[in-house]
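Me: Got a structure I'd like to walk through with you. Can I put it up and ask as I go?
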Amino acid sequence: MPTKKSPAAKSTSSSKSGKPGSGSLLSTMAGPADGQPAFAAGEHSPTALLRKIAGANAVSAGMRDNPAKPGEIGIQGRTAPTGATVQSPDPVVHASTVSEAHGSAKTGEEQPVLGANALAASLDRVRADDSDQALTSNQGVPVSDNQNSLKAGLRGPTAMEDFLLREKITHFDHERIPERVVHARGSAAHGYFECYKALTELTCAAPFAEDGKRTPVFARFSTVAGGAGSADTVRDVRGFAVKFYTDEGNWDLVGNNIPVFFIQDAMKFPDLVHALKPEPHFGMPQASSAHDTFWDFVSLMPESTHMLLWQMSDRAIPRSYRMMQGFGVHTFRLVNADGASVFCKFHWTPKAGTHSLIWDEAVKIGGADPDYHRRDLWEAIEAGAAPEWELSLQVFSEDEADGMPFDILDPTKIVPEELVPLIPVGRMVLNRNPDNFFAETEQVAFCTAHIVPGIDFTNDPLLQGRIHSYLDTQISRLGGANFHELPINSPLRAVHNNQRDGMHRQTLNRGRVAYEPNSLGGGCPFQAGAAGFKSFPQPVDGDKIRAKPEKFADHYSQARLFWQSQTLTEQLHIVNAFRFELTRVQTPSVRQRVVSLLVNVDPMLAQQVADGLGFDVPEAAPVLVDGQPEYSASPALSLTAYPGETGIATRRVALLVADGVDGAMVTQVYEHLLQQGAVPRLVGQKLGAITCSAGKPFQVEITLSAAPSALYDAVVIPDGEQATTLLAADPLVAEFVRDQYRHCKPLLAAGSATEVIDKAELPDVLPNGDEDFSLAVGEAGQLPELLQQFAEALAGQRELGREALA
């Protein structure tokens, strides 16, 4: 009696495939026991798939074991055998997919070449050229406006939907692993911020809540352009970032030592840094803006002109991190407990004064001690000379902002102190070095989005982009979204939220609830309501648009203000910096385009730069707005405005010694300098004991060759005829002394040591005929008076009058 077939069997036998089990060809799970799919090729059969599966089984069956395994055991006295192979019966067997035959413009129209690896071919396969091509996104979408982020109205906030900005910034944030893309080389320290007087009328921010309140801080200073292995003393903007560990959470005030920036919109930040970084075709120059791509970019961005004047000034080569100002750059909001708001600019001013290096000095220090600024900060704190800055605010209302001749949302503009005076509100003291450079200085994550109640953002389009960029960068650089759990980044206030998991998660949260609202966790953690952070309810009105407000078009008036506020010597340094940088540019048209920007700042500046570059002053670059505002010179914009309050403390002084020196004088000078907080060092021609004409012998601390003149703020040459003879005959000593003079630093020579000054052929007076107060030279009996004169000169600014003005 025939066996009755099941409906399923009946269905299978009637399929066009021909035999039961043929469905295994179309499935990626299991298959027939013998490995051979029961399939009869026909009109609708996937023959290529049949060949692939059958061929794979045949290839696999051809290797019943691994013949190389015996050679892995014991000492065989021979090389490892060649791996066993089995010839494939059909090329399709090793294809990833049988559908590779279906070519397209994306997957390629040609069939793969067996045994070939396209990556081993010429680099032509991946070369790209942008000639005559429109800008696109990474998805190939044409970009209509690469200058402006998408805003709600001309002065409105940046829209989160701006996918072009987010893609561009996100790609930029992830371009370096694990080093920071910018601010890679830095140095940091712990300390505290002390509020002078409560600012509750202005803000409810925790650091300003009480008279005398102290808030722990961690501050990091850095160069911008160079990598982590570059030198400290390059010409560059310096980062000045402070993390406040407040009792309302962490607040990061992330700024620079220059109060303005190159660009007006975050959309241009990747372009700026790409132009500034080493050129991609050969990776040079490191940590320098003196090359074609940077100057090509800024010459086409006239809004950069103001920043260029600052960068070419002595601000870009500070003497020390402890001797430079810091600025929040952007305009922020302060909000009080009642919700009332004012605009605010943040200023840090060093108690040690604002002092810079001279370019020749900076270059020599870069070769002698690339860690000069790092070492200086570390040594000062270790010696108990905690550096200190005063925090001041510029506060103004919206009505006052509307009446200003510039737009306070434009990061290429300052608010002159003559227009809005500074209000000192507190001081920052850095009194503890990190225990571990990597765990603290390297892993600290600053972010402009880290604010606390009482601080809020404005619609500055550069700031709006930074809010996204910094957070995104930390996720990439520190391995995930849990970077806030690294000890240096963790807030003092306990964290309670529903965020779990992720790479490097540290917290072990109890319970089963990770959502809100909930009942299983008793509703916790619950939203804070009125006690939590509330954004200032700024009205927003306007079309979504990519454009800039009209006041953003004034590119030159504040650059002119900065230039006119510099001393003649500072102006000469700016001219020389432009000449140096542009001389290293290879493309003449780029040089001329930069000078055309300077014509709109000051004709004399443009003429002097052009003279140094060997061409006539070009026609002025186009001015986009008529009737630019005129400003009176602002003395506060000169470095000479802040000589400092700390005297000669932490200043490094070289005492040049040799056999036969007056040991009693050496001891007297050394102890005098130590008592005033200076750092004296006995510098000799070689290490070892020194014999003295008077007093006890002593040991040389460092040699002339190991620590050249540029590393010291001043030099003393004590009395002693034998020592004078030895020193005066040494060319290294002559070079040491001449560099001290050329770098406008104080020198003291007493008794016979004046012969060393004479041998170095140093002028007795300044080029204009005035007395050189920084050159203290006299008889040995005049030492007390000479020391007093020397200390006064050392405590102040350099004697820049030694530079003959052009």
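Me: Which exposed residues sit on the face of helix 17 turned away from its buried side?
Reply: Glu721 and Thr725. Bear in mind that this is a predicted model.

Me: And which residues of helix 17 are buried?
Reply: Ala723, Thr724, Leu727 and Ala728, within a helix that runs over residues 721-728. They line one face of helix 17, because they fall within an arc of 125° seen down its axis.

Me: What covers the buried residues of helix 17?
Reply: Helix 18 (731-742) and helix 19 (754-759) are among the elements that do, along with strand 13, strand 14 and strand 20.

Me: What lines the largest cavity?
Reply: 38 residues, with Val182, His183, Phe269, Arg466 and Tyr470 nearest its centre. By class, 21 are nonpolar, eleven polar and six charged.

Me: Which element gives the most to that lining?
Reply: Helix 11, with eight residues. Strand 4 and strand 5 are among the elements that each supply at least two.

Me: How do strand 4 and strand 5 pair?
Reply: In the antiparallel sense, over eight bridges. A hairpin joins them through two residues. Tyrosine 245 has asparagine 250 in strand 5 as its bridge partner.

Me: Is strand 5 largely enclosed or open?
Reply: Enclosed. Eight of its eight residues are buried, so the rest of the structure largely encloses strand 5.

Note on methods. Residues numbered from 1 in each chain as written. Predicted model: local features only at pLDDT ≥ 70, side-chain atom pairs only at ≥ 80, totals over all residues. Heavy atoms only, no water. Buried < 20%, exposed > 50% of the residue type's maximum accessible area, 1.4 Å probe, protein only. Helix = DSSP H or I, 4+ residues; strand = E, 2+ residues; numbered from the N terminus. Arc of directions from axis to C-beta. Contact = heavy atoms within 4.5 Å. Pairing = 2+ DSSP bridges. 1 Å grid on protein atoms, 1.4 Å probe; cavity = no way out; pocket = protein on both sides within 12 Å on 5 of 7 lines; lining within 4 Å. Nonpolar A, V, L, I, M, F, W, Y, C, P; charged D, E, K, R; others polar.
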